[in-house]
Amino acid sequence: MKNHRSMRDLLRSDTLARYWLSIPLCALFLLSTPLPAQTTAGGSIRGHVSDASGSAIPEVAIAAHSPNVGGNFSGITDQEGNYVLNNLPPAGDYTVTAEKTGFGKLEQPNVVVRAGSNATADLTLQVGAVSQSVEVSGDTNLIDQVSSEQTVDISGQMMRAIPLTGRREWSDVLQLTPGVVSASSDAYGGQTYFVRGSENENQATLLDGADIGSFLQNWPSNYISISTESLGDIQIKTGGQDASSPAAMGMVINIASPTGSDEFHGSASLLISPQSWNANNTPGGVSATSKSLQPDFSFGGPIKRRKAWFFASGRYINRDDGISRTAQQLDELQALDPTFKPFANQARGFVFLTNATVDLTEKHRLYGLAQYDSRTQGGNFQYYAGNYAPSQYGGGAYALRLTSAWSPRLTTRFLVSYNNKGANSSLGAIGGVPNQPEVDIYSSVSRSSGTLVGNGLVAVLGALSSRTLSPAHKTTISGDATYEVPSFGGSHEIGAGFYLQPHSATKSTTYYGNGGANLIDEVLVDASNPSAGVIPFMQQTVGATQVVTSNIRADDYAGYLQDRWRPSSRLTINAGLRADYIAAEDLLFHVTTEHAWNYAPRIGVAYVLTKNQKNVIRANWARITDIPNSSYFGTAGNEQAAITNAYSLGLNNNFNTIFTTPASTAASANQFDPNRHQGYVQEWLVGYRTQLPGNFILDVSYVDREYRDRPAQVDINNIYINNVWQGLADPTTNSKYLITNNKWNWFVYQGIELTATKQLTKLQFIGTYTHEWQHIAGTWQPNDPASILQPSAFANNAGLGSVRGFVPNSLTGSADTRDRMWQPDQARTAVSWSAPWKMRVSSSFTAQSGTPTGPITTNIGAPDSQYGPATMNIDGRLVSNPLATTFRFAYANRGIGQLWCPWLLQWNARVGREFPITERQSITASFDLLNITNQGSAQQFISGANQLNSKNYGGLQNVQLPRQAQITLRWKF
């Protein structure tokens, strides 16, 4: 294997030197050459101006203004009569005016600008004096006619009007996104979101164009807390992203916060939901109830009218999240710990956001943002007997953005941002280090590879074996520009840009409880009677009380080039290339874990079918690089302290079978493929969208995705000759892996998606349906024990597992809880109606098919001796044979026989009334009822649920939240 150079050496290398030299050249290129707009919270208005005969009119003065947005936006038509107004803050009430000497002034009201989208307003001028004003009536064209991306746009107003979850989190908007599976987080009570087979951390989350995702884990709903009052508009890209979008093979979430205007405005609200307003949907058990008393506020207005504006919002999180426990789980905990009483995970913390906008000149606008959230959040699972996992999440995000309109054709944008969102910033925030061991109790044990393996985790008692602090930070510097070329085989929007994230980093420090003697495994004497007692079978000791378990730094230097070419008024071709140079280093062992260029080409087509421009077909092919996540880079070694596991194989308290895992050293470190790069998704999609009368929009699409080159850990230490284990290649360590890309197999997703929307002041509606098919293609990766023990069982078309990868052994016997993204059907509707007498009636409904278990396993009576001895004494210690496992896939292939959680059905409703106080002030009182029918579907399998011979086979947990009532009072001024 080639020796790996350190990050420092790489930064001195010729390749990197050329790259560093290219950065200032790119900056110079941006200042002198026109380029297209990067993903931003702003939208655009574009169109064509003609006279009554249809002839184009050049040099028409175009302006756009909204009473809810500070400032005016102006441009001029080119020689072909086309115009574009870029970087407009989202609003639903822009008025576009067109003026030219010799023609009457034209006003087009109610133009809707959405985050990251392109609104169309074609204008026809009549001959006359400019003083004569004409207002256009009729439906505004709401369809994006030029983009081939798969997106959904939800206004903040609609988001706040619809009862989606009891938490009222910003990420609730993802519940309405086609292709997205939402799943209750079993430990935290909130939601996790997966799109088309990707993971919950494969998302890029932008706030007003700034990347606020945590480098530790880009999990939108856990590491980012924002008041819903901070939401002006949200765009979610789920496919066909153009080259300006950040690398992310999941969603690109684009949040636009409100901006101040020339009038002061604001709100204050209080969410009230006592514990007694929850029902029980878990007979004999404990429901995941919620208790909240949560205030929100917002305030915005002018700093200097027609010049500078501000907006601020905040929330105090004050919530108790009940932990769902089935009757069986509750009985087991009370039998094993007679003092046990059900408790809730508490969430507390203040979050705020503030921004300011200044028009420096008519051509230059400066925007600043500060957002902060830090909350303590209990992270206790169903089987914890005490509050063992108080946790802390969040951090700050700060950004500065300059947008400039140098000419009617050229606009530029420069942005710098920083965030330090991470987990557990200090031991004090999470309750310190445990002073007693963690005791894990299982329903049964299996003898495998010379050890005992617990089956079906029943309870965790005493404490957690360790606690970890994981601060992180990320800096982003981006620049881009847009230039319109009016007539070169049609019009072009040509551009390029850079997106730099230097020295993103996270460092995890683990503190082991009880002085290092931190873990005891026990098994029930009688699986059907927990009160009969337990027998210990394993004791673990770590040779240190505190170690740095990972220290990762990464750089992402990206540039893109794209062209939006309109050879005719109906046809748009979007072509682009994004290149990300991503390098990462394990600072513990000073090993470069990745350094590679990741090229991501894409091409898309949008074609307007009809003259009224309200029917568009689109197609797109793209290769999309995954976002850098710290955990996906891998580490050279996981421990700098040795771990000793002592087993009582006879279940007689005689712990004389000792297995030692040596501490990782530079000599025993994992090896890294020098050609390793980011995983990516290869995607193509086709779709049709139409705008029907009454501003009703329908979209139908088909999506095909292949998740290629996922992270892979290939065992390079165990020696297999003719399918017989012969020992270790490096006798000084038990495990050694080649960290590389999985070229041997890949996940395939295929789906049909339907979306219907109507977003007006009086009536807002969205409905989505997705049906998906999935399977795994390819074959086993090398040295996976399953490839030797059951080579013909590879196929799987149900629970495929996670794109996170790093699975050297597929045959572990445990239920794969990372199968929640593989749910074949999702249907959702949400509607909000502004009824007479200032009433508002809203409702939402979700129907989602359940999660699969993953492959079903069974146990054979004893290890098969044809694969070698169960253990071997190597270098003075006992080592297990991976092929001596007793686990086997139960059926001919891994897809057969998988179990599924029941369908998740939930109906929510809200009734509210506005009470005017003055012309500009009102109070709205609303009543929510969530899960009206008190459905009690379990959303997850318990440990051992996929093991045929386990007491827990088919067992379910994590029941959806019960029926809950809430009252909200909101003062608007």
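**Reading burial, charge pairs and sheets**

Guide: Let us begin with Asp-580, which is buried, its relative accessible area being 0%; here buried means under 20%, exposed over 50% and partly exposed in between, with a 1.4 Å probe and protein chains only. The model is predicted, and local features need pLDDT of at least 70, side-chain atom pairs count only at pLDDT 80 or more, while totals for chains, interfaces and linings use all residues. Residues are numbered from 1 along each chain as its sequence is written, and side-chain values use heavy atoms, with hydrogens and water left out.

Visitor: Which residue does the side chain of Asp-580 meet in a salt bridge?

Guide: Side chains of opposite charge can pair when their charged atoms come close. A salt bridge is a side-chain nitrogen of Lys or Arg within 4 Å of a carboxyl oxygen of Asp or Glu. The side chain of Asp-580 meets that of Arg-578, with 3.1 Å from N to O, and Arg-578 is itself buried, with a relative accessible area of 2%.

Visitor: How many salt bridges does the count come to?

Guide: The count by this rule comes to 30 salt bridges. Some of these belong to a network, in which Arg-167, Glu-169, Arg-319 and Asp-321 are linked. Another salt bridge joins the side chains of Glu-229 and Arg-970, at 2.8 Å from N to O. Glu-229 sits in the loop between helix H4 (220-223) and strand E15 (233-239), whereas Arg-970 belongs to strand E57 (residues 964-972), so this pair ties together parts that are 741 residues apart in sequence. The labels H and E refer to DSSP runs numbered from the N terminus, helices being H or I with at least four residues and strands being E with at least two.

Visitor: Are Glu-229 and Arg-970 buried or partly exposed?

Guide: Glu-229 counts as buried, at 6% relative accessibility, while Arg-970, at 25%, counts as partly exposed.

Visitor: With which residue does Lys-951 form a salt bridge?

Guide: Lys-951 pairs with Glu-332, and their closest N and O atoms are 3.1 Å apart. Because Lys-951 lies in the loop between strand E55 (938-941) and strand E56 (956-959) and Glu-332 lies in helix H5, the pair ties together parts that are 619 residues apart in sequence. Lys-951 is partly exposed at 34% relative accessibility, but Glu-332 is buried at 6%.

Visitor: Which residues in H5 are buried?

Guide: An α-helix has 3.6 residues a turn, so residues three or four places apart point the same way. In H5 the buried residues are Gln-329, Leu-330, Glu-332, Leu-333 and Leu-336. Seen down the axis of H5, the buried residues fall within an arc of 165°, so they line one face of the helix; the arc is that of the directions from the helix axis to the C-beta atoms. These buried residues of H5 pack against E25, E26, E30, E31 and E56.

Visitor: How does H5 run relative to E26?

Guide: Helix H5 (residues 327-336) lies across strand E25 (438-448), E26, E30 and E31, and runs at about 90° to E26. Axes are lines fitted to C-alpha atoms, for helices over the stretch in contact, and angles run from 0 to 180 degrees between N-to-C directions; contact means heavy atoms within 4.5 Å.

Visitor: In what order do the 6 strands of the open sheet come?

Guide: The order is E26-E25-E30-E31-E36-E37, with mixed pairing; two strands pair if DSSP finds at least two bridges between them. Strand E26 (451-461) and strand E37 (657-661) are at the edges with a single partner strand each, so one side of each has no neighbour in the sheet. Neighbouring strands of this sheet are turned by 30° against each other on average, direction ignored. Within the sheet, E30 (residues 519-524) and E31 (residues 534-542) pair in the antiparallel sense over 6 bridges, and Leu-519 stands opposite Gln-540 in E31.

Visitor: What lies between E39 and E40?

Guide: These two strands form a hairpin with 3 residues between them, and Gly-694 in the turn has a positive phi of about 80°. E39 and strand E40 (residues 696-708) run antiparallel and are joined by 13 bridges, with Val-681 opposite Tyr-707 in E40. On E39 (residues 680-692) there is also antiparallel pairing with strand E35 (residues 615-625), over 11 bridges, where Arg-618 stands opposite Gly-687.
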